[in-house]
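I opened this notebook to record what I looked up in the structure, entry by entry.

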Amino acid sequence: MKPLFISSIILLTNCAVAGAANKPQNVAQDVTYCELAKSPSAFSGKRIRVRAIYSYMFEVSRLKPPACCAEGDVAVWVDFSEEMDGNSKRLFHKFPKGMGFVLATFEGVFQSGGPFGDGGYRFKLAVDKIEAVENKANPSPAHRPAWIPNCEAPSAVSRGNKG
Amino acid sequence: MQAGPRRPAFLFVRTLLPTNEAAGSPMLSEDQQSAAQAAVDAYGSENDSNGVTVGLGGKGYGATTLLKNDDTISVTFGSSIKGDFLTTTIGHEGAHVDQAQTWLRGGETSVGDLNHYAREQGAWAVESSLAQALGMKSLAPHGGGRDLQVWNRGWAAAEIETLRAKGIQNILNYMRDHSSDADMRKTFSEEHHQ
């Protein structure tokens, strides 16, 4: 009976630890975009807060870097929770309609595995809080404002790596 | 076709009818009709277990077609899409369903292994045809200006194909800008099961 009792305790402890590992933390971990781009899997299942550009139009809803990263980029699909707080919803409704770019700080649970979105995304941020919207615009490709970096240009990384 | 989240299948079947009708419009050329009909047919019929699931996403005007790891296909429509725009969007996403099914049938290295540029070009062509068949005043992605129009009732007949192609090319440029050229170049085989 005693070994069974000890086994039960070990099993219960393991379950508790596994449960804690799977459950997103309530307190968000601050992450720079470049840290996310460098090792996205490290943040899988975690609640994070990241300053990034939300880029969207029909069939596109993703994060883009606020400044180019030496590490390259990662395709992160973005979903917004319908349970966002009132302030976040107010900010969200002020985004350009239908398509645009929004530089802000986003908080939510980061997920890996995928595929997400249109199939090209292995990672997803389920945003439930929006803070500090710094810029927003719906420009044409020919009139992109300076705060939206073009990181695919040959000299992109040398133009900024603050992440 | 199966019902996905928040979308009873019978409601979608009803919504599919105008798209089906527009696909057969005599206002379209045979090629246009054929492409639009293939997009409608790709959804299959209610509960036919063809691996296509249709559902509603959150609020908004977006839509996605996702080829999942188990080779089933999930189509999601933003709940704000309504009327003729919904009819044409169903055609657009149906074109993506058709593209995914064609690639799955043909195998990894088949000619159906399209990248996102090619997939979007085909889907916007179908959407433009449906807008033409419905007699819509104009059609562009939600939030887009005149440069993104893939259909405008005021276009002169002789200019329709040129202006349609220009609108689609502009949309591809915007999509590249909003995602990335590297991601737009990825094919089914580069993304599926990776």
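Which residues does A:Tyr54 touch, not counting residues up to four places away in sequence? I worked on a predicted model, and there I found A:Tyr54 touching A:Leu63, A:Val78, A:Val102, A:Ala104 and A:Phe106.

**Entry: the core.** I next looked up the largest nonpolar core, which has 81 residues. A:Tyr54 is among the residues with the most contacts inside this core, together with A:Val76, A:Phe106, B:Tyr43, B:Val126 and B:Leu130. I noted that helix α4 of chain B, residues 116-134, gives the most to this core, with eight residues. As general background, nonpolar side chains tend to be buried together in soluble globular proteins.

**Entry: the contact between chains.** I then turned to the contact, to which chain B gives 28 residues and chain A gives 26 residues. On the side of chain B that touches chain A, the elements giving two or more residues are β3 (63-67), α5 (160-178) and α6 (181-184) of chain B. By class, I recorded seven nonpolar, 14 polar and seven charged residues on that side of chain B.

**Entry: helix α2 of chain B.** I checked the span of α2(B): its twelve residues reach 16 Å from the first C-alpha to the last, close to the 16 Å expected at 1.5 Å a residue. Which residues of α2(B) are buried? I listed B:Ala35, B:Ala36, B:Ala39 and B:Val40. Viewed down the axis of α2(B), these buried residues fall within an arc of 140°, so they line one face of the helix. In general, an α-helix has 3.6 residues a turn, so residues three or four places apart point the same way. On the other side of α2(B), I found B:Glu30, B:Asp31 and B:Ser34 exposed.

**Entry: backbone geometry.** I searched for backbone exceptions, given that most residues other than glycine have a negative phi and most peptide bonds are trans. A:Gly114 and A:Pro115 are joined by a cis peptide bond, with omega about 0°; A:Pro115 lies in strand β5 of chain A, residues 100-116.

A:Ala132 is not a glycine, yet its phi is positive, about 45°. I placed A:Ala132 in strand β6 of chain A, residues 121-137. Is A:Ala132 buried or exposed? A:Ala132 is exposed, because it has 10 other C-beta atoms within 10 Å.

B:Asn47, also not a glycine, has a positive phi of about 55°. I located B:Asn47 in the loop between α2 (30-41) and β2 (52-56) of chain B. B:Asn47 counts as exposed because it has 12 C-beta neighbours inside 10 Å, and the cut-off for exposed is 12 or fewer.

How values were computed:
Residues are numbered from 1 along each chain as its sequence is written. Chains are lettered from A and ligands numbered from 1 in the order in which they are written. This is a predicted model: local features need pLDDT of at least 70, side-chain atom pairs count only at pLDDT 80 or more; totals for chains, interfaces and linings use all residues. Two residues are in contact if their C-beta atoms, placed from the backbone, lie within 7 Å. Helices (H or I, at least four residues) and strands (E, at least two) are DSSP runs, numbered from the N terminus. Ala, Val, Leu, Ile, Met, Phe, Trp, Tyr, Cys and Pro count as nonpolar, Asp, Glu, Lys and Arg as charged, and the others, Gly among them, as polar. A residue is buried if 20 or more other C-beta atoms lie within 10 Å of its own, exposed if 12 or fewer, and partly exposed in between; C-beta atoms are placed from the backbone. The expected span of a helix is 1.5 Å times one less than its number of residues. The arc is that of the directions from the helix axis to the C-beta atoms. A nonpolar core is a set of buried Ala, Val, Leu, Ile, Met, Phe, Trp, Tyr and Cys residues joined through C-beta atoms within 7 Å.
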